[in-house]
Amino acid sequence: MDAILDFLKTTGFAMIADNWKVIIMLAISCLLLYLAIVKKMEPLLLLPIAFGMLLTNIPGSEMFHEVLFVDGHIHWDLFGGAAITQEFIDSIENTVVASTLTAGETISVGLLDVLYLGVKLGIYPCLIFIGVGAQTDFGPLIANPKTLLLGAAAQVGIFITYLGATLMGFTSQEAGAIAIIGGADGPTAIYTTQILASNLLGPIAIAAYSYMALVPVIQPPIMRALTTKEERRIVMKELRPVSKTERILFPIVVTIFVALLVPSAAPLIGCLMLGNLMRECGVTERLSKTVQNELMNICVVFLGVSVGATATANTFLNLKTLEILVLGIVAFSLGTACGILLAKLMNVFSKNKINPLIGAAGVSAVPMAARVAQKEGQKEDPSNFLLMHAMGPNVSGVIGSAIAAGVLISLLG
């Protein structure tokens, strides 16, 4: 009987009494799994994120330990089995984590601790960007370079939100990490957050991918509010053909220019353009297919599960998380609005009119935002095809969000 009682005390069911908040986190993870599987909201990443959240919040699983990465640092000595000292506990700024530690204890490194190193060291987001680059056609942007301005305008929402977040009491690093949600680029948001404010990684990643999935819900009301029927009916001129030479030179030139302008953006931009060069050069087809499929899929699984693991009950269930969700949708909405408004302004000075709807595609939710612009345009004129035109600002938004991330990292990191 004593053995049975001892066993029952070691089960996760008994440990729930010590931290009832895990029940809420398990419920949230199940909700996210439902949204990913049934509602198909960004399932490729939301599903592993939700399952990582599920694993990390099961009492007694010991798969992820916040102390190994507390205060934004990797404590390699604890990975090596060193005992926690009282001096270490006293030095921790995160009082929630510090309160769970006891001097003299050692950490048994879990699976998710090891996988999370790929996030913390910036490996997974960059590898995913190689795959994104190999999947991206920059032809529409090259054919109509002025749509690059629309992608840049959409990033204005990031910096406006940064100012708002600082006024709400977030530190400058936390504000920068929150604001990057407005770029609507999951890997960029994760890469930036793990450098600036890794303690907010879970909420920011969930917010970023949730809003990306909600593009067809969030953007149309903004698009209709800021444009007239006549503007939504504007038919744009057919794009010119883009030569193979232009396609090959584009990733090389962009990498050199952006890396010199914003060196801290070089990892993201470099990986993005490396993948695109593999796609366009015509001599690395095997590599292009590999980074688009096998490599990218593996990294997505590892990234999602390990990011979800950071959403523990102690760090997720607080007022900051709610504020992040609100600021995230503000950033996303402002980015959409700024792209539309710049397109309207460009029409004042341009002979060849731009349909302002494509400005909303400046956020880098590729290709969903471009499809939303196409759909809204065809509601007014079924014969109007905006998709290829919208892909210009859409792919420029990917570049723009990476540059914005580099600027934030350079200024705040």
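The model is predicted, so local features need a pLDDT of at least 70 and side-chain atom pairs a pLDDT of 80 or more, while totals for chains, interfaces and linings use all residues. Residues are numbered from 1 along each chain as its sequence is written, and side-chain values use heavy atoms, leaving out hydrogens and water.

Glu62 sits in the loop between helix 4 (43-56) and helix 5 (76-79). Helices are DSSP runs of H or I with at least four residues, and strands are runs of E with at least two, numbered from the N terminus. Although Glu62 is not a glycine, its phi is positive, at about 55°. Asp71, in the loop between helix 4 and helix 5, also is not a glycine and has a positive phi, of about 60°. With 31% relative accessibility, Asp71 is partly exposed. Most residues other than glycine have a negative phi, and most peptide bonds are trans.

## A cis peptide bond

The peptide bond that joins Val366 and Pro367 is cis, with an omega of about -10°. Pro367 belongs to the loop between helix 22 (319-349) and helix 23 (368-380).

Pro43 is part of helix 4 and is partly exposed at 32% relative accessibility. Apart from its neighbours within four places in sequence, Pro43 is in contact (heavy atoms within 4.5 Å) with Ala36 and Pro48. The C-alpha atoms of Pro43 and Leu32 are separated by 9.4 Å, and the two residues are 11 residues apart along the chain.

## An enclosed helix

Just after helix 8 comes Gly122, with a positive phi of about 75°.

## How helix 9 meets helix 20

Helix 9 (residues 123-135) packs with helix 20 (residues 285-309) at an angle of about 145°, and the two axes are 8 Å apart. Axes are lines fitted to C-alpha atoms, for helices over the stretch in contact, and angles run from 0 to 180 degrees between N-to-C directions. The crossing of helix 9 and helix 20 is left-handed. A crossing is left-handed if the near helix is turned anticlockwise from the far one by less than a right angle, and right-handed if clockwise.

On the helix 9 side, the residues that meet helix 20 include Tyr124, Leu127, Ile128 and Val132. On the helix 20 side they include Val291, Leu295, Met296 and Phe302. By class, the contact of helix 9 with helix 20 holds 14 nonpolar, 5 polar and no charged residues. Here Ala, Val, Leu, Ile, Met, Phe, Trp, Tyr, Cys and Pro count as nonpolar, Asp, Glu, Lys and Arg as charged, and the others, Gly among them, as polar.

## Cysteines

A disulfide is a pair of cysteine sulfur atoms within 2.5 Å, and by this rule the count is 0. Cys126 is in no disulfide; the nearest cysteine sulfur, in Cys271, is 4.4 Å away. Cys126 is buried, at 10% relative accessibility. For Cys281, the closest cysteine sulfur is again in Cys271, but a separation of 16 Å is too far for a bond. Cys281 is buried too, at 18% relative accessibility.

## Salt bridges

There are 10 salt bridges in the structure. A salt bridge is a side-chain nitrogen of Lys or Arg within 4 Å of a carboxyl oxygen of Asp or Glu. One joins Glu174 and Lys320, with the closest N and O atoms 2.9 Å apart. Because Glu174 lies in helix 13 (residues 172-179) and Lys320 in helix 22, this pair ties together parts that are 146 residues apart in sequence. Glu174 is buried at 9% relative accessibility, whereas Lys320 is partly exposed at 32%.

Another salt bridge joins Lys289 and Glu285, whose closest N and O atoms are 3.2 Å apart. These residues are 4 residues apart in helix 20, so about one helical turn separates Lys289 from Glu285. Lys289 is partly exposed at 48%, and Glu285 is exposed at 53%. Elsewhere, salt bridges that share partners join Asp137, Arg247, Arg279 and Glu280 into one network.

Note on methods:
Buried means under 20% relative accessible area, exposed over 50%, partly exposed in between (1.4 Å probe, protein chains only).
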